[in-house]
Amino acid sequence: MKDQTIRNINDLGKVSRIIIIFFKIFAIVGIVCSLTGGIIAAVIPGDSIQMRGSAEADVIVDLDKLPGKVFSVDEGSDSINLFGTDLSISFKENEKTDEGTVYKMNASAGKMKYSHLKPLIVLGLFGMAVFCTLVLIALIFGQKLAKALSVCDSPFEEKVIKAMMNFGKSLIPMAVFFVLLYGLSGVGTALAVLVVILFIQIFKYGAKLQQESDETL
Amino acid sequence: MKKVTAISKIKENSTAMSVLMAVLGLLCLGACAMGLGDSLYHSTFTEKKEEMASLLGTGLIFAACAFIAAYLFIRISRTGTPFSDTSVKCLKNIAFLLFIGSFLPNILLSLFSGKYETINDSFIEISMLVPSVIVFCAAEAFNYGVILQQESDETV
């Protein structure tokens with residue numbers, strides 16, 4: 001029973017190593033692609049791509065069905081400076097129909113140059129490269145853990161626990177990155193790190209049991 | 001580190017982790033209920049088939065996993081022994097659920113649309129399959145820990 005369990009752990013370690021190799025290839029490709037993309041995006045001249053456009057929409061409001069004290073429609077126009085371009089929005093009453101009052105909403109963007117969006121695109125691509133690097137680091141330590149499991153005589157060996165600790169530590173920067181980028185939705189990754197840390201403690205306890213077992217023999 | 005110290009640390013952290021897992025499970029259930037309720041209320045279920053399949057498939061699986069994990073950590077914090085048959089069973093159940101979760105959204109989507117369809121053009125979601133393998137590895141290690149624990153108890 002004991003030997004069979006160890007054999008299962010060794011086999012699972014081998015399978016994990018193979019899966020991790022695939023993911024490492026994807027991570028490396030991701031780093032190369034995002035770095036190349038980032039460099040290309042940084043080199044492209046700022047005035048090589050320009051964009052301008054407008055949009056129109058009808059907003060139909062039936063004021064009789066809405067509480068007048070709370071709801072009112074303000075007509076007018078406003079302009080926002082977004083990414084260095086003038087974005088203007090206007091809202092005007094057009095006609096009255098059976099369905100309600102029809103308001104015409106017009107939005108138009110002035111000449112938007114690539115240089116206005118360039119910092120955002122370059123930052124996004126380099127950010128992606130950083131993320132792929134963090135994943136690659138975690139995968140390298142994950143592979144070491146899988147290797148240790150594939151050749152171990154007990155999952156509670158010092159070598160395995162050390163590899164697990166390193167793997168847990170390598171997940172911390174990734175969790176921080178996720179929390180910074182996605183806010184609350186990144187908490188899941190942080191929770192996974194906490195589970196790994198708790199498992200390390202449990203494995204340390206397992207090491208004590210293993211020591212006791214070896215001493216008894 | 002002494003054995004007693006290790007047990008007390010595991011007990012403390014397991015209590016905190018059980019609360020976190022229960023909260024996570026409730027959040028997942030809440031998100032599923034809100035998403036489904038919103039879609040049914042606005043009659044947009046057929047338009048949002050993909051989102052609904054993903055939300056129900058992944059969200060419910062995550063909620064179930066979180067509740068099982070909460071139960072596992074409660075047991076560990078009460079008994080102070082992480083290596084028990086219940087722990088192994090719980091971990092294997094989580095691994096199995098994650099495995100099911102790697103293709104359940106696609107099956108739900110196919111059922112909703114009445115023909116074979118997949119999310120992200122892949123039948124199996126690798127990001128669910130990998131944790132499933134990892135948890136199964138941990139379950140096997142725990143299984144070995146159960147043997148050691150029994151040996152230790154018999155020696156005492």
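Biologist: What pLDDT does chain A average?
Modeller: This is a predicted model, and chain A averages a pLDDT of 84, with 94% of the residues scoring at least 70.

Biologist: Where in chain A is confidence lowest, and where is it highest?
Modeller: Confidence in chain A is lowest in strand β2(A), residues 76-82, with a mean of 78, and highest in helix α2(A), residues 114-151, at 90.

Biologist: OK, staying with α2(A), at what angle does it pack with α3(A)?
Modeller: Helix α2(A) and helix α3(A), the latter being residues 158-182, pack at about 165° with their axes 9 Å apart. Angles over 145 degrees count as roughly antiparallel, and α2(A) and α3(A) are therefore roughly antiparallel to each other. The crossing in which α2(A) passes α3(A) is left-handed.

Biologist: Which residues meet there?
Modeller: On the α2(A) side they include A:F131, A:L134, A:F141 and A:L145, and on the α3(A) side A:V160, A:M164, A:F167 and A:F177 are among them. By class, the residues of this contact divide into 17 nonpolar, three polar and two charged.

Biologist: Switching to chain B, how do α2(B) and α3(B) pack?
Modeller: Helix α2(B), residues 49-79, and helix α3(B), residues 85-101, pack at an angle of about 170°, and their axes are 10 Å apart. These two helices are therefore roughly antiparallel to each other. Their contact has 13 nonpolar, six polar and one charged residues.

Biologist: And α4(B), how does α2(B) pack with that one?
Modeller: Helix α4(B), residues 104-113, packs with α2(B) at about 140°, with the axes 8 Å apart. That angle makes α2(B) oblique to α4(B), and the crossing of the two is right-handed.

Biologist: Now the interface: how many residues of each chain are in contact?
Modeller: There are 28 residues of chain A in contact with 28 residues of chain B. On the chain A side, the elements that give two or more residues are α1(A), residues 2-43, and α4(A), residues 187-216.

Biologist: Which element gives the largest share of that side?
Modeller: The largest share, 15 residues, comes from α4(A). By class, the side of chain A that touches chain B has 15 nonpolar, nine polar and four charged residues.

Methods. Residues are numbered from 1 along each chain as its sequence is written. Chains are lettered from A and ligands numbered from 1 in the order in which they are written. This is a predicted model: local features need pLDDT of at least 70, side-chain atom pairs count only at pLDDT 80 or more; totals for chains, interfaces and linings use all residues. Axes are lines fitted to C-alpha atoms, for helices over the stretch in contact, and angles run from 0 to 180 degrees between N-to-C directions. Helices (H or I, at least four residues) and strands (E, at least two) are DSSP runs, numbered from the N terminus. Angles under 35 degrees count as roughly parallel, over 145 as roughly antiparallel, 65 to 115 as roughly perpendicular and the rest as oblique. Ala, Val, Leu, Ile, Met, Phe, Trp, Tyr, Cys and Pro count as nonpolar, Asp, Glu, Lys and Arg as charged, and the others, Gly among them, as polar. Two residues are in contact if their C-beta atoms, placed from the backbone, lie within 7 Å. pLDDT is the predictor's confidence in each residue, from 0 to 100. A crossing is left-handed if the near helix is turned anticlockwise from the far one by less than a right angle, and right-handed if clockwise.
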